[in-house]
Amino acid sequence: MRAQEKSKYLIAQEQDHCLTEAIIYPRVSSKKQAKHGNGLQGQETSLREYARYKGYDVIAVFQDDISGSIVKRSGMDALLAFVRSRKNDPVVVLFDDISRLARDVDTHRELKRKIRAANCWLETPSFAFRDDADSELNEHLQAQFAEHMKRKNAERTFHRMRARLLNGY
């Protein structure tokens, strides 16, 4: 991040960001989950409640139904374009959990860089993003854990499918 961008971000942080506008970003992993589940709507409802609690005016909602391992996402791209069209006025981007932003460390870092470069503040109900060493360590551990859980889910799915085949399904 360039020094000027980082200084804007730190000024917002030092003022406890004092932002009043928020964008909601729900994400599920697949079109099937979006169509047959309640994940996107549930996340949006929860984040609207959180925004109300924090006193934020929700100005937009952008969502994705794509793997958390992918950086290029239509909803995220639209979110970033929207923010840039506002002349980079600072805004809070709300998402449900670190794992809803990304499911691997590299993707997490790249999306965070893009969001911060657009002068946005990242926030979840369960995690406070800060620039101190301990907070960044905790953030990276949570991003690593999200990646671990993605891989464990894939392993479990593989073993269940294999067991079904062995049982004659």
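A residue is called buried when its relative accessible area is under 20%, exposed when it is over 50%, and partly exposed in between (1.4 Å probe, protein chains only). The model is predicted, so local features need pLDDT of at least 70 and side-chain atom pairs pLDDT 80 or more, whereas totals for chains, interfaces and linings use all residues. Residues are numbered from 1 along each chain as its sequence is written, and side-chain values use heavy atoms, without hydrogens and water.

**View 1. E44 within helix 3.** E44 belongs to helix 3, residues 39–54 (helices are DSSP runs of H or I with at least four residues, numbered from the N terminus). Its relative accessible area is 15%, so E44 is buried. Contacts of E44 (heavy atoms within 4.5 Å) include I24, P26 and V61, leaving aside residues up to four places away in sequence.

View 2. L40, Q43, E44, L47, Y50 and A51 are the buried residues of helix 3. Seen down the helix axis, these buried residues fall within an arc of 130° (taken from the directions from the axis to the C-beta atoms), so they line one face. The face turned away from the buried side carries the exposed residues E49, R52 and Y53.

**View 3. The cluster of F95, F127 and F129.** Ring pairs (Phe, Tyr or the six-membered ring of Trp, centres within 6.5 Å; planes under 30 degrees apart are stacked, over 60 edge-to-face, the rest tilted) link these three residues. F127 is buried at 7% relative accessibility, and F129 is buried at 2%.

Conventions. Helix = DSSP H or I, 4+ residues; strand = E, 2+ residues; numbered from the N terminus.
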